[in-house]
Amino acid sequence: MNRDHVLNVLQQSEEKRARFLKAWIHGVEFLGPRLFGPGTVETAISKDDLRPLRGVVDAVFDQESEGEEQFLAAMVSFYDPAWGEELVNRIECHKSLCGLTFELDHECTGIICELLMNYEGW
C-alpha cells in the first residue's frame with residue numbers, strides 16, 4: 001500500500017467521524033438532548049459526548065410516538081446494537097432495518113442514511 005493511499009484513508013476517516021458526529025447531533029436535536037449525554041450538542045466534540053442515556057431512554061421510550069420510538073431505537077443501535085434490539089422488540093414494526101425505518105419522515109431517514117454511510121463503530 002502506498003503512502004498516498006494511507007493518507008487518503010486517514011483523511012476519509014477524519015471526514016467520516018465529522019460527518020457521523022454532525023448527523024448524530026442532528027438526530028439528538030430531533031429526539032431531544034435530554035436523552036443523551038454527558039455533554040450537550042453545543043459542547044460535543046465527539047460522539048462519546050452524546051451517548052444515549054439508558055435510564056432516561058428506557059423510562060420515556062414507551063411514551064414516544066411510534067415514529068420517534070423507531071428512530072430512537074435505530075439511533076441507539078449505533079451505540080449499542082443489543083440495547084437497540086431490546087428497544088425494537090418493544091415496538092410494533094417489522095424487525096428489520098427496512099421495517100424500522102420504512103415509516104420515518106425524510107429528515108429522520110436522511111439522518112439514518114448519513115449515520116450508516118459514516119459509521120466506524122462506537
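Predicted model: local features only at pLDDT ≥ 70, side-chain atom pairs only at ≥ 80, totals over all residues.
Trainee: What elements does the chain have, and in which order do they run from the N terminus on?

Mentor: There are 6 helices and 2 strands. From the N terminus on, the order is α-β-β-α-α-α-α-α.

Trainee: How do you know whether the radius of gyration of the chain agrees with that of a compact globule?

Mentor: We set two values side by side. A compact globule with 122 residues would have a radius of gyration near 14 Å, and the chain has 15 Å, so the two agree. As for the box that the C-alpha atoms fill, it is roughly 50 × 30 × 25 Å along the principal axes.

Trainee: Let's turn to single residues. Why is Leu-31 called buried?

Mentor: Buried means under 20% relative accessible area. Leu-31 has 7%, so the word buried applies. You will find Leu-31 in helix H1, which covers residues 3–31.

Trainee: Which residues does Leu-31 touch, not counting those up to four places away in sequence?

Mentor: Leu-31 touches Phe-36, Glu-68, Phe-71, Leu-72 and Met-75. Another pair to look for is Leu-31 and Cys-108: they are 77 residues apart along the chain, while their C-alpha atoms are separated by 9.9 Å.

Trainee: What makes Cys-108 buried or exposed?

Mentor: Its relative accessible area is 3%, which is under the 20% cut-off, so Cys-108 is buried.

Trainee: What makes Ser-77 partly exposed?

Mentor: The reasoning uses the cut-offs of 20% and 50% again. Ser-77 has a relative accessible area of 25%, which lies in between, so Ser-77 is partly exposed. Ser-77 lies in helix H3, residues 66–79. Leaving aside neighbours within four places in sequence, Ser-77 is in contact with Gly-84 and Glu-85. From Ser-77 to Val-88 there are 11 residues in sequence and 9.3 Å in space, C-alpha to C-alpha.

Trainee: Why does Asn-118 count as buried?

Mentor: Asn-118 has 6% relative accessibility, which is under 20%, so Asn-118 counts as buried. Asn-118 is part of helix H6, residues 106–118. Beyond the neighbours within four places in sequence, Asn-118 is in contact with Lys-16, Arg-19 and Phe-20.

Trainee: What share of the residues in the chain is buried?

Mentor: Buried residues make up 39% of the 122 residues. The chain exposes about 7300 Å², and carbon and sulfur atoms supply 55% of that area.

Trainee: How many positive and negative side chains does the chain have?

Mentor: The chain has 11 positive and 22 negative side chains, and the centres of the two sets lie 7 Å apart.

Trainee: One last thing: which peptide bond is cis?

Mentor: Look at the bond from Gly-37 to Pro-38, which is cis with omega near 15°. Pro-38 is found in strand S1, residues 36–38.

Notes:
Residues numbered from 1 in each chain as written. Heavy atoms only, no water. Helix = DSSP H or I, 4+ residues; strand = E, 2+ residues; numbered from the N terminus. Rg over C-alpha atoms; globule rule 2.2 N^0.38 Å. Buried < 20%, exposed > 50% of the residue type's maximum accessible area, 1.4 Å probe, protein only. Areas by Shrake-Rupley, 256 points an atom, 1.4 Å probe, with all protein chains shown as cover. Lys, Arg positive; Asp, Glu negative; His and termini not counted. Charge placed at Lys NZ, Arg CZ, Asp CG, Glu CD. Contact = heavy atoms within 4.5 Å.
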